[in-house]
Amino acid sequence: MTPRDTAATGVGASLPRLDAREKVTGRAQYIADMVRPDMLHAAIHASPLAHARIRGYDTRAAEAVPGVACVLTGGDFPDGRMGAFIKDEPAIAQGKVRYPGEPVAVVAAEDEETARRAAALIRVEYEDLPVAATPEDAMAPDAPLIHEGLADYFKVFPAICGGNVASETELSEGDVDGAWAECDVIVEGEFETPAQAHLSIEPVGALAEVDAEGRVTLWSANQSVFRVQANVCEALQLPMSKLRCLTPKVGAGFGNKMEPHVQPLVVQLALKTGRPVRLILNRTEDFETVRARHPFKIRCRTGAKKDGTLVARELSAVLDCGAYGDDSPGVLGYSLLMSRGPYRIPHCRASGKLVYTNRMRFGAFRGFGNPQVTFATESQIDEIADRLGMDPLDLRLKNRMEPGDRWFGGGEVASNGLVECIEKAKAASGWEQGRALPAPPGKRRALGVAACAHISGLLATGAIVRLLEDGSVVLNTGAVDIGQGSDTVLTQMCASALRVPADRVAIASPDTDGSPYNWGTTASRVTYTTGRSVVAAADKVAEQIKRHASEIFECAVEDLELRDGGRVGIKGVPDKELSFFEVSGRAHWAAGGPIVGTDTWVYNRPSVDPKRAVAKGLPFPQIGVYSFGCMIAAVEIDETTGKADVAEVWSAMDVGKAINPGSVEGQIEGGFVQGMGFALTEEMVFDGPRLVNPSMMDYKAPTSLDAPFGIHSIIVEAAEPGGPFGAKGIGEIGLVPVPAAIANAVATAAGTRLRRLPLTPERVLDTMLEDGDED
Amino acid sequence: MTGEPVTLPVTLRVNGAERPVAAVAPWTTLLTVLRDELGLTGAKRGCNQGVCGACTVMIDGEPVRSCLSLALNCTGRDIVTVEGLAPAGALAPVQQALAEGNAVQCGFCTPGILISAHALLRRNAPLSVDEVRAGLSGNLCRCSGYKKIVEAIVRASEARP
C-alpha cells in the first residue's frame, strides 16, 4: 500500500496503528515512564481491616525517615465525595475504612523505596466494626451499616436505596405473572458469576504537578481525562478550571481506569508539597484497591410454548457493589436492560439489587453486567431447546427480533445484523454436522452457541477538525486511546471524510484544556459517538473549503467536490481544482479566517418508552444503538481431569461498518480470550471480605497456550443509520456471549449443566461424576 | 532507620554500550536500573514477580525476567533490551511484523513479547504456530488474544533466510 493513497489508508483499510512504531521500539511513554524535574514518589498505606472506625494516626516514624517529604491522612483532605452515580467516596478513608486495601494514608518521598518503607511505618488506631462481606450478610436484619450517610449523598439519578442497598432497579413489560400459564415449558435456575480482575498489564498510576499559581496538571493511566478531572475536583473540592488533565499512553483499561483510582491522592500531595508527585501502584495494590467485575447472583426463569415461541422471562439479580458505588448502579441497570436478549419475549420482568459490602469496590468491566446476565439467559435458551428437542440455533432464529421491534423497555433498534451473524457462524463452524463432535478416547467434544446484543453510545462527545496552513489536518476529540486503536480509527474517518491520506491527519492527545468534552472510552462508544462528531466536524471543514473555492472560481458551492489527495474542484471539470494548501493559505492570510470545524452532541434517544414498559430506579435513560453477535465455540473436556479447553471458536459480530477490519478482529479476538478466562479459569477468591489471590501467580488469566489459535472473527456489517460510515462499536460485544457459549458446549459435552463460573476442572468433573445438575 | 544502605558502583553492557551506574544496592533489580538509572523504559514493570513477562530482556542471548534479576549479577554480561533490537530509526523484522500485523494494542506487553520472539527467531528456521505459542507462554497479553502476535512472529520467521 502506498501511504499517500487515500483509499488505502481511509475507512475500511486495516491501517497499522498510528502508534505501533512507537510501541514496538519501546519509546511509547506510559505513566510509569514519566518523570518531571524534582519529582517525588508516593506510596499508600492501605487498610488491613474491612470495616473499622479510625481512632487516630501516628505518622511520626514515617515522617522521621530521611527523604520523606510529606505524610497525609484523612484530615489533610477536603471532605468532598466523588462517584459516577452516587457521591459516596472520599479521596482517602475519612473516619472509617470500608474495605481491606482502602488507602488510609499516603506518603511522598525522594524515591519510591523510601516512600514505601515510610508508609509501612504509619500506625493507625482502629475500632473494629462488624463486617458485611457478602450481599447476604449486608442485607441481614442486623447488618452493620456501611454508609450511614447514604440517604444524604448526592445521586445523579432517582436512586431507590436504603440500608446497605445502594440501588434497586426494575424494568417490566407485559403481564409476566399471567404469562406463565401460557407456557408449555418453563426452565428456572440460579446462576452465579465471580469477581473478575481486569488485569491490564499496566498497573494504575498518576503524576501531578502544581504551577506557581496553584494550578495542577495531572497525567494518569485513565480512560477519560474528563472523568479524571470531574472526580478529582469533586473529591478535593477544586474548581475544574484549576485542574488540567492529560494522558500518556495507557496500558489497557477494560473499565478499570474509567473512574478514579489514585489521582486525587497525588493531586493533594502535589498541592501540599508544591512538587511533582508520582504514584504507581504495585500489582498487589492494583488488585486490591482499584476495582473488579461484579459478582452476580442471578435467578432466572424462562417460559416457552411447545413450538418454541418464547413467552415470558423473569430475572432477578443481586450484585455485590463492594464498598463504594462507582459505576455499579449503571452496571445493574444496564444488565437488566440486556436481560431479554435479542429476542421477542412479550412478557418480561427484570429486577435487581445492588448491595454495599466490605469488599473492594466493583465497577465497570468490558460488558458492563451483560456477560453475567447473558450467561444465565443464553444458558436457558439452550435448556428450552433441549427440553423441546429443538436445535438451539433454530430456537434463537425463531424468536429473534424482527425489523421494527423495540428493545426491552421500548428503545428503538435501527440496524440488526443478528440473522447474518447466526447464519455465518453456523456455516463456518459446521454446526449442521451436529453439536456433539468426534473426540479421541478420554475426551469429549461439543459445540456450544450463544447470541447476544450490546450497545454503543451514551453521553457527550465532540470533535474539532482544523485545517493547517499547508492544508494538512489536526483532529482533536478528547477520546483516550487505551490501546484499542481509536486514535487510528478516528483518524481514518477524518481522512476519508476529507479525502486525504491518513498520514495528512494528526490526532491531538486528549487535554481537558484544549480538547472538546468526551465522556470517555467506555460503553463501546468511541467509534460510534466520537466518530459521528469527527465526521460532522470534518464535513464543516469541507463546507468551508468549498466556500473558499466557490469564491475563487466564482461558482456555486454545490458545483464543487472534494477530490482524493486534499483538493477541491468543480464537478465535471478535472483541471479546475485547488489544493487544500491554496485554500488554507487564503483562509489564514487573506479571507475568512483559519478553517475550523467543530461538533458536539449528547446521545439522547430514550431507552424506555413509558407506554410500553415500567422502569423504576433506572440510572441511564438514554443508552445507545444496538449491536448484535453470535458465537459458536468448540470445547473439549478431559474426562479424567474435567479440564475444559476451547479448541476453536467462531465469533460473528455486527459492527455496522468495520472502519479498520484488523482492529475489529483484534477486539473480537481479545474479547474472546478475556471472556474465556472469565468462563474457565479466572476468579478473585475472597476469604470473607479479603481477596486471597491478589497476584498474577494465583489469579489465572489465559496465556498464549491457553488461548486457542483458531479464533475466527466474522465481521458482519449491518449499517447503523446515523453511525459514522454506518459504524457501531465493537469494544465489548465480543466478550459478552463467551461464558454462555462455552457453558452450552460444556453442557452438551458433559451431559449436565453448570450454572456457576468459572467452569473449573473440579466443577466440570464433579458434575460429570454426579451425572446430574449442580446446585 | 539508621545508616545509609550499602551500594556499589557497577558497569553494565546494555545494547552494546558500557553503561556505568554510580550506586546500586545489592537488592536492586536489573529492571529498576534499566528504567530508573539508564532511562531505558522499554522494559515494563507489570507485576514485579516474574509472571507477566513485560520486563523480559536478553542476557547473554537468553530471555530473562529483569524484575527477578539482580543488577549486580549482570556485570560482564551482554544485555539487550527492546531499544537495542534495531538501530535508531530502523525496525527489526519482528518489530515490523508486529506493527504491520495489527498485533500491537495497548503495547505494554509488547517489549517483552518482542524479546521472547527475538529469542525464538534466532533459530533461523520457520516456526510453527505451536512453537510460537509455547515460546510466548511466559508473556501475558490482556488485549490481543495472542492470535495476531503469533501470526506476526510466524510470518517473521518465514521471511528469514
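The following legends describe close-up views of a predicted model. Residues are numbered from 1 along each chain as its sequence is written, and chains are lettered from A in the order in which they are written.

**View 1. The contact between chain A and chain B.** Chain A contributes 46 residues and chain B 43 residues, two residues being in contact if their C-beta atoms, placed from the backbone, lie within 7 Å. On the side of chain A that touches chain B, helix H2 (20-24) and helix H17 (661-680) each supply at least two residues; helices are DSSP runs of H or I with at least four residues, strands are runs of E with at least two, and both are numbered from the N terminus. H17(A) provides the largest share of that side, eight residues. By class, the side of chain A comprises 21 nonpolar, 17 polar and eight charged residues (nonpolar: Ala, Val, Leu, Ile, Met, Phe, Trp, Tyr, Cys and Pro; charged: Asp, Glu, Lys and Arg; polar: the others, Gly among them).

**View 2. The crossing of H17(A) and H18(A).** The two axes come within 8 Å and cross at roughly 55°; axes are lines fitted to C-alpha atoms over the stretch in contact, with angles from 0 to 180 degrees between N-to-C directions. H17(A) is therefore oblique to H18(A), a term for angles that are not under 35 degrees (roughly parallel), over 145 (roughly antiparallel) or 65 to 115 (roughly perpendicular). Residues making the contact include A:Phe672 and A:Met676 of H17(A) and A:Val738 and A:Ile742 of H18(A). The contact has nine nonpolar, one polar and no charged residues.

View 3. A:Val746 touches A:Gly448, A:Val635, A:Ile637, A:Ala644, A:Leu754, A:Leu759 and A:Val764, leaving aside residues up to four places away in sequence. The peptide bond from A:Leu757 to A:Pro758 is cis, with omega near -10°. A:Pro758 belongs to the loop between helix H18 (738-750) and helix H19 (761-770) of chain A.

View 4. A:Arg499, in the loop between helix H14 (486-498) and strand S22 (505-507) of chain A, has phi near 55°. A:Arg499 counts as buried because it has 20 C-beta neighbours inside 10 Å (buried: 20 or more other C-beta atoms within 10 Å; exposed: 12 or fewer; partly exposed: in between; C-beta atoms placed from the backbone). A:Ser524, in the loop between S22 and helix H15 (526-553) of chain A, has a phi of about 45° and is buried, with 29 such neighbours.

Conventions:
Predicted model: local features only at pLDDT ≥ 70, side-chain atom pairs only at ≥ 80, totals over all residues.
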